[in-house]
Amino acid sequence: MAEGKPFIKCGQLFDHTDAFEYTPETEQLFVDAMNEALRWHANHCPDYKAFLAENGLADLKQKYSPEQIPPLLVSIFKEFKLASVPDKQVKIELTSSETGGRKSAIILDARSYKRILKIVENIFGSLGLVDHKQKVNYLCFTYDPKYAVNVGTAFSYKLLTDLTAHRSVYYAIRFDKKTGEFNFDAEAAAKKLIDFSTHPEPVRILGFPAYLWQVCDWLEKNNMDLKLGKKSFIITGGGWKIHKDLEVTKDIFKDRVNKILGIPHENVRDLFGMVEHGIPYVDCECGRLHVPIYARAMCVDPETLFQVEDGEEGLLYLMTPYISSYPSISLLTTDKAVIEDNCPCGRPGKTFRIIGRAGMAKHKGCAINALELLK
Amino acid sequence: MINNKIFVFGQELASDWLCAETANELLDEAYEKSKLAAEPDIECILEIFDNVSKAWSDPEYKLRKKAVEILPQLTSFSAEMIEEGLNVVSSICSRKSLEKRLYSEIGSLEALNEGEERPHNNYRLKAQPRGVVLHISTGNVFVDTVDSLISGIITKNANILKMSGTNPVFPVLFLESIKEFDPAGIIWANQAIVAWNGGNRAIEDVLFNGKLTLVFWGERKALDSLKPRLGRQVKLIENEPRYSFAVIEGKCLKPNAPENVVRGLALDVCRWNQQACSSPHVVYVIDKDLKTSHQLIEALFDEMIQVSEELPHGNLSFDEKVEIRKVREIARMMQVRSEGRLVCPEEFDFTLVLEYDPAFKISCLNRTLFIKRVTNIEDLIEQLSPISDYLQTAGLCCSTDFTNIFEHELFNLGVKRITDIGGMTESHEGAPREGYFILRDLVEWVAVEYKNDYQSRIERLLKNLCSSPYYCQLIEEAGGCSYNSFLKLPFLDKDSFYRISPPEANNIPSRPMADTCIDTGLVGWQCAHIPGTIHHVPEEYCYVEIISTKDQSIIEDDTPGEIVVTNLDHKLQPIIRYRTGDLGRWVEIEKCPCGFTGKSFELLGRCDDLIVERTIK
């Protein structure tokens, strides 16, 4: 996927299919790619250029380390529509699924769209989760993308179902044509899973963990233990949000699904991502979220923005050069996290742990809205 | 060193004493104590608080020193802010302040004792304590927590205060200091300061089903979840968080922003790190020219630097920092897009944001203020309308004409309190805190009604004269408090005047005797329709008799005699059958055009002027 000017280095970076190939070369490519992206956005998004100047970054000929690029706070994208491409180049516009207030609108041009498909493939592939020959039955605890066209989470999970061939895909948050609303029915989802278990193909369960917890409740109540097998996976995402009272540790969660669904512990993976950033951070077999070579993650003090030591809690700060449609190449999130390294799985690079949402105000993101459908 | 004790109605106990098993015990004891709490004279309560006030005003007072040492560790307030808070506590407790507050809300001190006579309404009004008051406050401002307790005490209730999880210390220290100045235990022994984790059903189900008044300060969500759990006998006084704002008329800022206004605003933002409901979230500048708002933000920046040195912020939590970061980053982007301006120091000491969008915005607090421009009052009202149900204080700096119109508009909108800038977070002495007249809700208004004919009023007057030893004896000798006994009481002349008063009345200086009217009060009045010296008797105020100058028998017809007056209201210095030395006679007026239908007399001069020679006058 070689790219021409002005994204030669970006193209070279994404061509590295091993997402965890940390070498001096890939490190340098990342730095160069970030500088390409910086110049692109500064030249195509006047607000971003003014923002950079306001933060003392006016000389665009100079080369910067990624950490020198001032970050935009994730909330900025909820308040302002920033774009580095004209409307006609927008291939897809994703909104967060929140119902009230301003929508978080993220636009992807064809270039970014193509890149993210490749990045997703690379990351999941490097974690052993891609097999295009294998047919899989999917149970997705997410909005049916047929009806929730522009919802970020639905888009993300649509990408995940393309990591394998499929026998069938079932979206558990169903659109009710009569009421025009999305509904979740734990019993129907459980029955679908029972049906899947009678087929030879493995199963992949994707989405919010609280929904799967409800399905396990139903199966347990009906004394049903399934044996979905070693080739089946669970990829959770979105966290527990408003169902904090249900929240359990990863280990307890894994124990329960292992017992009820017969899926091995190491096949239960959590995924962290945000529509404004796009890079999926996925658990390895050891349950750690790995940072791929296409991104960089660190934690900072929210007041000084100074980097905190690895192992200390801070505000998660993410960088990636892949997005050319809006200037979120250096992003300050509102998540509290801890950066770690030396993962026992042996993959090089950093990993991080999300501690939780930071700040006092109530945040209503996609995950919360979907969870509100829980009966 | 975190506190690990609580007070429960005169006993010092371990902080984990309250549990499902002891909750009933707490409630039963509270009912008992509520009877005792209602007994003391309000004067005694004020006296104790005045001593508490003096103690807390001394920086060397041991409990104050302890508070200054511990509270900065528990709260996000700096030591300087804590000191200021303790000064407020001292000032709230002063007799002067409490008296002012009681007068303004209850009307008199007497209403809390025997009741306040309302002679013209034919009843005695009494502010009856509600009994047991449970205070639950989730707030961070420790002054408000003890203020709630003080309100419960001065209305003579027995109180149970639930301490907030973050500050389980100050209420205990405060009660400890009351104990110090209340050796007889008339106040402190009737209070309980306890702790439990909010949501503990086992404890709350007992308390919420008791017979009590619940004063709740907290979030709407907490309140909504609480309401369905309250028993039939709980009276809820709800105080949910509200939002406050300041308004400055542009012309008051020209040519330069006045120093006192800028300082006042800086203090209102900085006190309690803006966490009081009365702290401003937004300051609106009413002006067509946006420049005025820019001038204000610049002047305010300098003053905020100054105030931040005097009253440092204290520690910010991670989450608080994140909230400030969000506000700043959005403001920075607005500035870039020419939609606003961010003015702040690099550190998170304070954040000032001028936003060109006039919509009201809720601040993340911790000294984060939005400055917004509106062009006129209508515009302002429109911006505030969406949150009209949640408004509390408006701090105003406007010209007088403007203020008058504005007050009306703001109260119509839902504002609860209007004050000056600088006074938003610091109540004026005796004013209700946070604009809420809580004392009125902590009492039940009851009345003792009575008939209003003169016989009933005389009988009631006699019953009330126990404080005068002189009359006490005479009434007994006359056979009791009936009207017939009254007619047996001896007449009062000037010489015996001093003997009738209770001893304390003699301490009151200068009681002139020169004029009869001063002795007795009003005896008669003249309307425009009656000639000469004829007077109508104000029967709601006094009872007039005319007696024979010869044998002192009561005259019913128009024969002249001495006017004798009984004042129906005076109790401290009773005027019973007082011989005025004036000569008069009854005059029959069938129907005075003024509408008066009572008795009238003609004033004939002084008794000494009368020469009686046989039947010739």
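Trainee: Which residues touch the most other members of the largest nonpolar core?

Mentor: B:F49 and B:F174, in a core of 115 residues. The model is predicted: local features need pLDDT of at least 70, side-chain atom pairs count only at pLDDT 80 or more, and totals for chains, interfaces and linings use all residues. Residues are numbered from 1 along each chain as its sequence is written, and side-chain values use heavy atoms, without hydrogens or water.

Trainee: What makes a set of residues a nonpolar core?

Mentor: Members are buried Ala, Val, Leu, Ile, Met, Phe, Trp, Tyr or Cys, joined through side-chain atoms within 4.5 Å. Buried means under 20% relative accessible area (1.4 Å probe, protein chains only).

Trainee: What does B:F174 touch?

Mentor: Leaving out residues up to four places away in sequence, B:F174 touches B:F49, B:V52, B:W56, B:V89, B:C93, B:V146, B:L149 and B:I150. Contact means heavy atoms within 4.5 Å.

Trainee: Why is the link between B:K321 and A:D301 called a salt bridge?

Mentor: The closest N and O atoms are 3.5 Å apart. The definition asks for a side-chain nitrogen of Lys or Arg within 4 Å of a carboxyl oxygen of Asp or Glu, so the pair qualifies. Chain B and chain A have three salt bridges between them.

Trainee: How many residues of each chain are in contact?

Mentor: 21 of chain B with 31 of chain A.

Trainee: Which classes make up the side of chain B that touches chain A?

Mentor: Seven nonpolar, one polar and 13 charged residues. Asp, Glu, Lys and Arg count as charged; Ala, Val, Leu, Ile, Met, Phe, Trp, Tyr, Cys and Pro as nonpolar; the others, Gly among them, as polar.

Technical notes
Chains lettered and ligands numbered in written order. Buried < 20%, exposed > 50% of the residue type's maximum accessible area, 1.4 Å probe, protein only.
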